[in-house]
Amino acid sequence: MSSHAGHGHHDAHAATTPVQAHAHGHAHSSAHGSGGDPATDIDWDVLGPLLEQEAELNGAQYEEAARWIAALPTAPKVRRVLDIGSGPGVVSCLLAEVFPEAEVVAVDATPALLERAKNRARRLGVIDRFQALEAELPADLDRLGEADLIWAGNSLHHLGDQRAALAGFAGLLRAGGTVALVEGGLPTRRLPRDIGIGEPGLEARMGAAAATRFEHMRSELPGAKRETEDWNALFTAVGLAPQGTRSFLLDLPAPLSRPVRDHVIASITRERAVLGELLTAEDSAVLDRLLDSEDPEGLHHRPDVHLLTARTVHLGRREQ
């Protein structure tokens, strides 16, 4: 399970950084330097905190989703949870809190992120029920062990054959167990359609560029197969019973707090680098202005910067 490139597929083709792509982070790269492709040449000391902050901002959404799962009439007794593509472990630790009798296994291919996850579990006092497992999927699927809940947060689409991967997840479930796929949602929006500089619709065009990059990423995955994104039909095809779909909103209106504004600036900075030549010269120039701390029209000073998005969670249950 690798993710080197930014994309926006899970976010209605709008998110373009590994932060948003993973929701709670499951990027993978051994790079730790400067230069090269900014989407693959990753300094985890820089990106790790950004991934963690992204997940923390979405924490209320994820907690609401987890409590929805726990309250379902068909919910199993959750003794073991696999968080597929855990990144820095924000959601892993949240799942440990929502399911206080469960062992939670954070599964990721990036040691630096798993170390952050373990440190977070220690800080939050759940380390006694927490395991960090370095694994590259689908090759290491058989190392994951059984589970009552598999949380796959924007990670399935990083596997070339999504149907086969989901069938693999289904095979790990105990009777009555649930797979929770975080896939889809709404485009993240941080600016008005018309910001007064450049052509209106900047974020929509960034989303289109992100979708192009996402399709390129998907096409290069080992064993890549095109799959109609009817998740309920996909559940049924692998022997799981659809248990419902819900979307969870993050709505932080203007004016933003300083930490959230700083996060938006960091995210758009990353997007500017990742999208590169997929952007027009005019849009690149506008982004340069937005990221200029001295420009009065920039993100550091604009009163209209906000953060609005939605995550969609699809549930499938193993009946027998």
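This is a predicted model: local features need pLDDT of at least 70, side-chain atom pairs count only at pLDDT 80 or more; totals for chains, interfaces and linings use all residues.
Q: Which helix does Asp283 lie in?
A: Asp283 belongs to helix H10, which spans residues 281–290.

Q: What is Asp283 in contact with, leaving aside its neighbours within four places in sequence?
A: Its contacts are Leu202 and Arg205. With Arg205 there is a side-chain to side-chain polar contact of 2.7 Å.

Q: Turning to strand E1, how many of its residues are buried?
A: Five of its five residues are buried. Arg80, Leu82 and Ile84 point one way from E1, whereas Val81 and Asp83 point the other way.

Q: Which strands does E1 pair with, and in what sense?
A: E1 runs parallel to E2, joined by five bridges, and E1 also pairs with E4 in the parallel sense over four bridges. Asp83 has Ala106 of E2 as a bridge partner. The chain passes from E1 through H4 to E2, and this β-α-β crossover is right-handed. On the E4 side, Ile84 has Ala152 as its bridge partner.

Q: Next, the largest nonpolar core: which of its residues touch the most other members?
A: They are Ile69, Leu95, Phe99, Leu149, Trp151 and Val313, in a core of 30 residues. Elements giving two or more residues to this core include helix H3 (59–71), helix H5 (111–123) and strand E7 (307–317). H4 gives the most, with six residues.

Q: And what does Leu95 touch, not counting residues up to four places away?
A: Leu95 touches Ala66, Val81, Val104, Leu149 and Trp151.

Q: What other core lies apart from the largest one?
A: There is another core of 27 residues, among them Ala135, Leu156, Ala170 and Trp231.

Q: Which residues of helix H6 are buried?
A: In H6, residues 162–172, the buried ones are Gln162, Ala165, Leu166, Gly168, Phe169, Ala170 and Leu172.

Q: What do those buried residues of H6 pack against?
A: They pack against strand E1 (80–84), E4, E5, helix H7 (202–219) and helix H8 (231–237).

Q: Finally, what does the side chain of Asp161 reach at the start of H6?
A: One of its side-chain oxygens comes to within 3.4 Å of the backbone nitrogen of Arg163.

Notes
Residues are numbered from 1 along each chain as its sequence is written. Side-chain values use heavy atoms; hydrogens and water are left out. A nonpolar core is a set of buried Ala, Val, Leu, Ile, Met, Phe, Trp, Tyr and Cys residues joined through side-chain atoms within 4.5 Å. Buried means under 20% relative accessible area, exposed over 50%, partly exposed in between (1.4 Å probe, protein chains only). Contact means heavy atoms within 4.5 Å. A polar contact is a pair of N or O atoms within 3.5 Å; within protein, one must be able to donate a hydrogen and the other to accept it, and residues adjacent in sequence count only if both atoms are side-chain atoms. Two strands pair if DSSP finds at least two bridges between them. A crossover is right-handed if, with the strands pointing away from the viewer, the path from the first strand over the helix to the second runs clockwise.
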